[in-house]
Amino acid sequence: MVPFDEFMRDALYGEAGFYTKPNGGHAGRRGDFLTSPEVGPLFGAVVANYLDAVWKRIGEPADFTVVDVGAGPGTLARSIAAARPLCSDAMRFIAVELSAGQRARHPAEIESTATMPTQPFDGVIIANELLDNLPFRLAVFDNGWREAYIDRDAAGRRTETLSAPFDPMPAQLLATAMLGARVPLIEQAREWVQAARRLVRNGTVLAIDYGVPLTAELAQRPWRDWLRTYRGNERGEHYLSKPGSQDITTDIPFDQLPEPDALRSQAQFLQRWGIEELVDEGKRIWQEQAARPGLEAMKMRSRVSESEALLDPSGLGSFLVAEWVAERRA
């Protein structure tokens with residue numbers, strides 16, 4: 001019998017885990033789920049604007065490190081490079097990805113690694129849809145909040161059993177809830193953010209994910225809305241079914257993370273850092289070249305549909321973006 005986070009860790013990152021086995025889970029239209037960078041290069045162009053702003057804020061250092069954690073096949077790195085940010089000459093781009101198969105697809109001009117840097121640096125750590133995949137504990141309300149454990153019955157089938165009530169009870173949990181209500185307890189995500197903040201000497205830790213401001217919101221929703229599985233860009237089976245064959249993910253309750261310096265929707269973040277100006281630029285270039293459009297003009301035209309997807313209030317636009325700002329001397 002193991003707590004849910006240990007079951008999830010093995011299912012996603014064990015020897016035969018969803019992300020670690022050969023040809024394991026990955027983002028993309030032909031993958032298992034679609035993230036903002038895979039919508040098109042517009043997302044990376046806006047992030048490039050953000051990187052320039054951070055670089056300027058911390059004094060335009062000659063060494064500016066950008067770490068993309070959970071980088072997948074390196075799509076965000078390619079889009080940022082194509083946008084040619086002002087900080088390009090100073091930028092050292094590190095793509096952190098656990099899957100060897102995904103690292104093999106990273107562009108040659110970036111640093112590709114399975115592990116985080118160990119020495120503090122000036123720059124930005126980006127965690128785009130990373131925290132939702134970090135193993136979490138699972139609390140269930142049954143005459144008090146209890147922890148879910150995964151066991152096997154006499155026939156070898158995985159089952160769920162509950163602990164005694166929490167004592168003490170985690171602070172973010174409601175005093176009472178509907179029978180069967182559930183919430184994730186995301187200690188590993190919180191610890192990851194804390195470790196990332198220690199690495200950034202001057203700059204920002206940026207986390208983008210689907211989630212809610214308060215844990216209580218998840219307790220009041222059907223748990224199948226926020227505790228989800230994915231495979232082949234479709235919803236998967238129950239989370240205990242066929243571990244290693246599907247992604248397991250949760251909406252992030254941001255109140256369980258260290259308090260950020262800013263918390264916005266993805267739509268607000270993208271608008272703040274110039275998505276509308278980039279779309280207007282794309283429309284202008286397309287109109288100028290529409291009679292004989294080339295590849296660049298076609299890319300500019302696609303910015304309209306990309307922006308609609310990225311700003312969609314019922315989809316990617318509703319994701320939350322948290323920023324933790326660091327301003328320390330060397």
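This is a predicted model: local features need pLDDT of at least 70, side-chain atom pairs count only at pLDDT 80 or more; totals for chains, interfaces and linings use all residues.
I looked up the strand order and found an open sheet of three strands, S13-S12-S14, with antiparallel pairing. Strand S13 (234-235) and strand S14 (247-250) are at the edges with a single partner strand each, so one side of each has no neighbour in the sheet. I then noted that helix H1 (residues 4-13) packs on this sheet, where H1 touches S12 and S14 and its direction makes about 135° with that of S14. Between S12 (residues 227-231) and S13 I found two bridges, and arginine 231 stands opposite glutamate 234 in S13.

I checked the span of H6 (residues 187-199), whose 13 residues reach 19 Å from first C-alpha to last, close to the 18 Å expected. Its buried residues are Ala189, Trp192, Val193, Ala196 and Leu199. Seen down the axis of H6, these fall within an arc of 115°, so they line one face of the helix. The cover over them includes strands S2 (64-69), S5 (121-128), S10 (200-209) and S17 (320-327).

**Entry 3, aromatic pairs.** I recorded a count of 10 aromatic pairs. Phenylalanine 4 and phenylalanine 7 form a tilted pair, 5.9 Å centre to centre with 45° between the planes; both lie in helix H1, three residues apart, and both are buried. For tyrosine 50 and phenylalanine 269 I noted ring centres 5.3 Å apart and planes at 55°, so this pair is tilted. This pair links distant parts of the chain, with tyrosine 50 in helix H3 and phenylalanine 269 in helix H9, 219 residues apart. I also noted that ring pairs link Phe4, Phe7, Phe136, Trp223 and Tyr239 into a cluster.

Key: Residues are numbered from 1 along each chain as its sequence is written. Side-chain values use heavy atoms; hydrogens and water are left out. Two strands pair if DSSP finds at least two bridges between them. Helices (H or I, at least four residues) and strands (E, at least two) are DSSP runs, numbered from the N terminus. Contact means heavy atoms within 4.5 Å. Axes are lines fitted to C-alpha atoms, for helices over the stretch in contact, and angles run from 0 to 180 degrees between N-to-C directions. The expected span of a helix is 1.5 Å times one less than its number of residues. Buried means under 20% relative accessible area, exposed over 50%, partly exposed in between (1.4 Å probe, protein chains only). The arc is that of the directions from the helix axis to the C-beta atoms. Rings of Phe, Tyr and Trp (its six-membered ring) pair if their centres lie within 6.5 Å; planes under 30 degrees apart count as stacked, over 60 as edge-to-face and the rest as tilted.
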